[in-house]
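User: I am new to this structure. Please take a close look at the cavities and what lines them.

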Amino acid sequence: MSHSQTLPLKRQQAENPSDDGSSAIKPSRLKISLPSEDSDKKNVNKRVKDVEICVPIVYGTIAFYLGRKASESQSHKWTVYVRGASNEDLSAVVKRVVFQLHPSFNNPTRVVESPPFEVSECGWGEFEIAINLFFHSDVCEKQLDLYHHLKLYPEDESGPQTTKKPVVIESYNEVVFPEPSENFLARVQNHPAVVVPRLPAGLNLPSPVPIDSMNDNERGDTKGHPLSQWFLNFSEADELLKLASARQQVQAHIVKLQRQLNLLEGLPPSKQPSGYDL
């Protein structure tokens, strides 16, 4: 593994279980401070002041119980991965991903140089997986260290395990790059995986410099991934719809409780409130 500088997670995250036994992680914003650079690099990669580039990412695991195929040492097949929050191609930003598995696995340090950034294995035990993201040289010189706990068994273990529904655990983060280089900004300003704010007036960016590891003929996103049906949805629009629905349910419950209280206090129906504004 590389011995370059690392960036730890700056915020702890709490799990938010869903109805199907999977769990998502509440979104948090992870800010990366770019390392200092010497004068030669500053001349090559000029920085754009007062601009931040945001890259939403998701990392996690999907584990399938093997059922009749299961053995004592291989009860589950699982995949650990890093993907774009809406399954976009991350190779314009991420150069490679290193997955550090449990030492009991053959070759526990797995290096993935191109998307999809993932590793699949079979086993029986749960353990913590270290995930190291390395970025292209014009993005950031520091690596980003993430940690994910592989989960094989659902929260509710009252019934038998099923081979039809996997255990899905995913985390969402927004990785922010302040004062990006002009080359990086030019390359990703129209990229679907990257959120670029309105640029300063009069800013002239250089022609985008292609990345050697990117192949236009190869699909780097995970939209057609065989596991995509199990990926959790971190869309902001969907979150707003869920919040609106929850707000309506709370309002209806308040109205119901107020009516019951009025009946107990003997107030006539005509004086019952029609609702509350939250």
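**The cavities and their linings**

Analyst: The lining of the largest cavity is made up of 5 nonpolar, 3 polar and 2 charged residues. This is a predicted model. The volume of the largest cavity is about 50 Å³. Its lining includes Val-82, Arg-83 and Gly-84. Glu-88 and Leu-90 line the largest cavity too. So do Pro-115, Pro-116 and Phe-117. Gly-220 and Thr-222 complete the list. Strand 6, residues 76-84, gives the largest share of this lining, with 3 residues.

Now the second largest cavity. It holds about 40 Å³ of space. Tyr-81, Val-82 and Arg-83 are among its lining residues. Pro-116, Phe-117 and Glu-118 belong to that lining as well. By class, the lining of the second largest cavity has 5 nonpolar, 2 polar and 2 charged residues.

How many cavities of 30 Å³ or more does the whole structure have? The search finds 4.

Cys-140 is buried, at 4% relative accessible area. Cys-122 is partly exposed, at 26%.

Terms used
Residues are numbered from 1 along each chain as its sequence is written. This is a predicted model: local features need pLDDT of at least 70, side-chain atom pairs count only at pLDDT 80 or more; totals for chains, interfaces and linings use all residues. Side-chain values use heavy atoms; hydrogens and water are left out. Buried means under 20% relative accessible area, exposed over 50%, partly exposed in between (1.4 Å probe, protein chains only). On a 1 Å grid over the protein atoms alone, a cavity is a set of points where a 1.4 Å probe fits but cannot get out, and a pocket is an open set with protein on both sides within 12 Å along at least five of seven lines; lining residues have an atom within 4 Å of a point. Grid points are joined across faces, edges and corners, and a volume is the space filled by probe spheres set on the points. Helices (H or I, at least four residues) and strands (E, at least two) are DSSP runs, numbered from the N terminus. Ala, Val, Leu, Ile, Met, Phe, Trp, Tyr, Cys and Pro count as nonpolar, Asp, Glu, Lys and Arg as charged, and the others, Gly among them, as polar.
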